[in-house]
Amino acid sequence: MNILVQKLSPTATIPQKMTENASGFDLFADIGEPIILNPLEWRQISTGIALEIPVGYEAQIRPRSGLSSTLGLSILNSPGTIDSDYRGEIKVILINLSPNPIRIEPEMRIAQIVFCPVISPQLIEAQTLSESLRQDGGFGHTGQ
C-alpha cells in the first residue's frame with residue numbers, strides 16, 4: 001500500500017519509522033520556534049504535512065510512549081482519527097499532564113501515526129438485542 005505525503009511547508013519532515021518493524025511512523029513538530037505547554041495546557045501542533053490515505057483505511061494519531069512516560073506529554077483526543085477523505089494538514093493536540101512546563105521544540109518527534117483498515121458495517125435499528133452473560137455491565141463490572 002502506498003500513502004501519498006505532501007509537505008505543506010519547506011520545514012516539514014516526512015513521517016519516519018524509527019525501527020524496521022515499528023508499526024507507527026513518528027510525526028514531527030513543524031513550528032518556527034519553541035512552544036511552552038504549561039501544566040494541563042493543550043495546543044494544536046502543526047506537522048506541516050497532508051496525507052492521501054486509501055479508501056478503506058484510516059490513520060490513528062497516538063502518543064509516543066517515551067514522551068508520555070518521561071515528560072507526561074500526551075494527546076488529548078487519543079487516538080485521533082484521520083479519515084481517508086481528509087486532505088488538510090495533520091495537527092496533533094498535545095496536552096501537558098505533568099506538573100511542570102514542557103518545551104516543544106521545532107522538529108521534535110511529538111506523536112506517532114499508525115495506518116489501519118476500517119470496517120464499514122451497516123447499522124440496523126432494532127427494538128431488542130440478544131441476551132449475553134455480561135448484559136449491560138460496564139465500567140469496572142469485573143472488579144478493580
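Me: Which residue is the bridge partner of isoleucine 45 in β9?

Reply: In this predicted model, isoleucine 45 has valine 92 of β9 as its bridge partner.

Me: What makes β4 and β9 a pair of strands?

Reply: Two strands count as paired if at least two bridges are found between them. Five bridges join β4 to β9, therefore the two strands pair. They run antiparallel.

Me: How do you know that β7 and β9 pair?

Reply: The threshold is at least two bridges. Three bridges join β7 to β9, residues 91–96, so these strands pair as well. Their direction is antiparallel. Serine 74 has isoleucine 95 of β9 as its bridge partner, and isoleucine 75 stands opposite leucine 94 in β9.

Me: What is the order of the strands in the sheet of three strands, and why are some of them called edge strands?

Reply: The order is β4-β9-β7, in an open sheet with antiparallel pairing. β4 (42–46) and β7 (73–75) are the edge strands, for each pairs on one side only. Neighbouring strands of this sheet are turned by 40° against each other on average, with direction ignored.

Me: Which strands form the open sheet of four strands?

Reply: That sheet has the order β2-β11-β6-β8, with antiparallel pairing. Its edge strands are β2 (25–28) and β8, each of which pairs on one side only.

Me: What makes β6 and β11 a pair?

Reply: Six bridges join β6 to β11, residues 109–117. Since pairing requires at least two bridges, the two strands are therefore a pair, and they run antiparallel. Within this pair, glutamine 60 has valine 114 of β11 as its bridge partner.

Me: Why is threonine 47 called buried?

Reply: Its relative accessibility is 1%, and buried means under 20%. Threonine 47 therefore counts as buried. This residue is found in the loop between β4 and β5 (49–52). Leaving aside neighbours within four places in sequence, its contacts include Ala12, Leu27, Phe28, Val92 and Ile110.

Me: Is arginine 64 buried or exposed, and how do you know that?

Reply: Arginine 64 has a relative accessible area of 17%. Because the cut-off for buried is under 20%, arginine 64 is buried. The residue is found in the loop between β6 (57–62) and α1 (65–71). Neighbours within four places in sequence aside, arginine 64 is in contact with Asp26, Arg109, Ile110, Ala111 and Gln112.

Me: What makes proline 54 partly exposed?

Reply: At 25% relative accessibility, proline 54 falls in between, so it counts as partly exposed. Proline 54 lies in the loop between β5 and β6. Not counting residues up to four places away in sequence, proline 54 touches Met1, Asn2, Ile3 and Ser84.

Me: Why is glutamate 107 called exposed?

Reply: Exposed means over 50%. Glutamate 107 has a relative accessibility of 53%, and therefore counts as exposed. This residue lies in the loop between β10 (102–104) and β11.

Me: What sets the phi of glutamate 107 apart?

Reply: Most residues other than glycine have a negative phi. The phi of glutamate 107 is near 65°, a positive value in a residue other than glycine. Glutamine 135 also has a positive phi, of about 55°, although it is not a glycine. Glutamine 135 is placed in the segment after β11.

Me: Which peptide bond is cis, from serine 78 to what residue?

Reply: The bond from serine 78 to proline 79 is cis, with omega near -10°. Proline 79 lies in the loop between β7 and β8. Most peptide bonds are trans.

Me: What lines the largest pocket?

Reply: The largest pocket, with a volume of about 230 Å³, is lined by 14 residues. Asn77, Thr81, Ile82, Lys91 and Ile93 lie nearest its centre. β8 (80–82) and β9 each supply at least two residues of the lining. By class, the lining has seven nonpolar, four polar and three charged residues.

Notes:
Residues numbered from 1 in each chain as written. Predicted model: local features only at pLDDT ≥ 70, side-chain atom pairs only at ≥ 80, totals over all residues. Heavy atoms only, no water. Buried < 20%, exposed > 50% of the residue type's maximum accessible area, 1.4 Å probe, protein only. Contact = heavy atoms within 4.5 Å. Axes fitted to C-alpha atoms, helices over the stretch in contact; angles between N-to-C directions. 1 Å grid on protein atoms, 1.4 Å probe; cavity = no way out; pocket = protein on both sides within 12 Å on 5 of 7 lines; lining within 4 Å. Points joined across faces, edges and corners; volume = space filled by probe spheres on them. Nonpolar A, V, L, I, M, F, W, Y, C, P; charged D, E, K, R; others polar.
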